[in-house]
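Please walk me through this structure, from single residues up to the whole chain. Keep it brisk.

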Amino acid sequence: MTTFTLPERELPLEDSFDVIVVGAGPAGCAAAIAAAEEGRRVLLLERNCTPGGMGTAALIPAWCPFSDGQRQIHRGIAGRILAQSLAGTPHLPPTKLDWVPIPHEHLKQVYDQELARAGVEVRYETFVVDALRTQRRITTLLTTDKRGLRALQASIYIDATGDADLITRVGHPVHKGDDDGGELMPATLCFVLANVKGFEEGRWPSYQADATGQTVIQRMRADTRFTAIPDEHLVGMWIGPGCMAFNAGHIYVVDPTDPASMARGLTEGRHLAQVYQRALATYLPESFAHAFLASTGSVLGIRETRRIVADYELTTDDYLARRSFPDDIARNAYFLDQHPRRAEGATDAGWVQRVHSSGEKYKPGESHGIPYRSLCPRDLDNVLVAGRCIGTDRAVNGSVRVMPVCLNTGEAAGVAASLACTCSADIRGFDVQQLRSRLLARGAYLQTVTAKGVPDAI
């Protein structure tokens, strides 16, 4: 590739912020809200036009569980967001905690109102095009918006991009997939069908065999009219009267860090949504004969990209041991949700059932801890990471990537950023028990841990 040298120029500089958060998905919103509630001046930057990320722009149909099967473990800001989300689904019981359908438009306003109430300054359609680093610190962000290039500075930065975009800009090491350049977990473009009739909550039959021994999705895939359907992944959730949101099929061999690859994935996903609509109308006409495609996600549903090289990277052994840590800042009970690569997903009819029954699923009441060190990039002192790209191995990333966990790691990062502002902007400069105490005061679910790393009490 040939190169081009930018001419020297002066840019407008804004340097009055304590904390700048990049990315307004669940993790970024929670981080910004928490830091602002702790008394900091916070700027939240988002490349899209809406907060909420996967739960709004990507049209993910439902929240993953907020409980461990016995109690709610995702609390604090996460609990507030869930409660307000449920206010937008009056057809559901207000106490529902697990697999709660998402009212996407309502959820956008939930985040809007929480950000405004906390006093966060939000800028949409804003891209971080580069960042400047001096040794172990990020000094300046270079951003672009409708006004052109601008420079921004803060004491603490939080990378909540989901793809570790910010720390990658300054050359911090990351993992990506198996670190071998191989295929990442597939993406999905979710969609909403309207004017659907006939199903009751909890009775979606996509994986139930009929009298012939086949499921609906198996019959669809056997029909030569619907050969575009890539595999047996078909999840539908009621989000309101007559409306169902679908997390259906996979878009394989997509690299979310490659714009050309993403363009192909979005185009393929929009086509697939129409194919599913026609197939459902054909095989479930009593419910879908008059349904129409109301919307597709404005962004792809992404399951995997980069993971940071952190002070501590959660391992599969940690997960299987239900391990706790003295610096836990959140708990997690979600299963190891690893979606297949193309060869397996397209040919293996049983992968859907296995992914929901394997991976040493936890028993009710079990969970593992997420240590603060997993939010700390190994080679940076004034940057925290929250959300999908925290420090884990690949299998565990399939568990902690989900939105309730992202809300919790985001809140922890926001509170930690506020504490760091009091100690020379050093994310390791304070006693982590201060952080845990603040999170507990804010309503978090944590466990006290003995010196041997064993949970002692709740």
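This is a predicted model: local features need pLDDT of at least 70, side-chain atom pairs count only at pLDDT 80 or more; totals for chains, interfaces and linings use all residues.

Leaving aside neighbours within four places in sequence, V42 touches F17, V19, V21, A32, A35, A36, V120 and E121. The residue lies in strand β2. Its relative accessibility is 1%, so V42 counts as buried. A31 sits 11 residues from V42 in sequence, and the two C-alpha atoms are 9.5 Å apart in space.

Follow the chain on from β2. The loop between β2 (42-45) and α2 holds S67. S67 has a relative accessible area of 10%, under the 20% limit, so this serine is buried. Its side chain has two polar partners to look at. One is the side chain of D98, in a polar contact at 2.8 Å. The other is the backbone nitrogen of G69, which lies 3.0 Å from a polar atom of the S67 side chain. Beyond four places in sequence, S67 is in contact with Q72, I73, L97, D98 and A333.

Next comes helix α2 itself. Why can α2 be called largely enclosed by the rest of the structure? Seven of its 10 residues, in the run 77-86, are buried. These are I77, A78, G79, I81, L82, S85 and L86. The cover over them includes three other helices: α1 (26-37), α3 (104-118) and α12 (403-420). An α-helix has 3.6 residues a turn, so residues three or four places apart point the same way. In α2, I77 and I81 are both on the buried list, and so are L82 and S85.

Two residues stand out for their backbone angles. W99 is found in the loop between α2 and α3. This tryptophan is not a glycine, yet its phi is positive, at about 55°. W99 has a relative accessible area of 37%, which makes it partly exposed. Q135 also has a positive phi of about 55° without being a glycine. Q135 belongs to the loop between β4 and β5 (137-145). Its relative accessibility is 71%, so Q135 counts as exposed.

With 39% relative accessibility, V129 counts as partly exposed. Together F127, V129 and L149 make a nonpolar surface patch of about 230 Å².

Now turn to the charged pairs. A search of the whole structure finds 32 salt bridges. One of them joins E37 to R442, with the closest N and O atoms 2.5 Å apart. This pair links distant parts of the chain, 405 residues apart: E37 is in helix α1, while R442 is in the loop between α13 (432-441) and β16 (448-449). Are the two partners buried or partly exposed? E37, at 28% relative accessibility, counts as partly exposed. R442, at 17%, counts as buried.

A second salt bridge joins the side chains of R306 and D165, at 2.8 Å from N to O. R306 lies in strand β12 (residues 306-308) and D165 in helix α4 (residues 165-169), so the pair ties together parts that are 141 residues apart in sequence. R306 counts as buried at 13% relative accessibility. D165 is partly exposed, with a relative accessible area of 24%.

D178 is partly exposed at 39% relative accessibility. R341 is partly exposed as well, with a relative accessible area of 33%. Salt bridges can also share partners: E37, E38, R80, E114, R117, E411, R438 and R442 are joined into one network this way.

Finally, step back to the whole chain. Its secondary structure comes to 13 helices and 17 strands. The radius of gyration is 22 Å, close to the 23 Å that the globule rule gives for 458 residues, so the chain is as compact as a globular protein of that length. The C-alpha trace spans about 70 × 60 × 45 Å along its principal axes. Buried residues make up 55% of the 458. Of the contacts between residues at least 6 apart in sequence, 74% join residues at least 24 apart. The accessible surface comes to about 18,600 Å², and 51% of this belongs to carbon and sulfur atoms.

Technical notes
Residues are numbered from 1 along each chain as its sequence is written. Side-chain values use heavy atoms; hydrogens and water are left out. Buried means under 20% relative accessible area, exposed over 50%, partly exposed in between (1.4 Å probe, protein chains only). Helices (H or I, at least four residues) and strands (E, at least two) are DSSP runs, numbered from the N terminus. Contact means heavy atoms within 4.5 Å. A polar contact is a pair of N or O atoms within 3.5 Å; within protein, one must be able to donate a hydrogen and the other to accept it, and residues adjacent in sequence count only if both atoms are side-chain atoms. Patches are made of residues with over 30% relative accessible area and no salt bridge: like charges are joined within 9 Å, nonpolar side chains (Val, Leu, Ile, Met, Phe, Trp, Tyr) within 5 Å. Accessible areas come from the Shrake-Rupley method with a 1.4 Å probe; for residues, only the protein chains shown count as cover. A salt bridge is a side-chain nitrogen of Lys or Arg within 4 Å of a carboxyl oxygen of Asp or Glu. The radius of gyration is taken over C-alpha atoms; the globule rule is 2.2 Å times the number of residues to the power 0.38.
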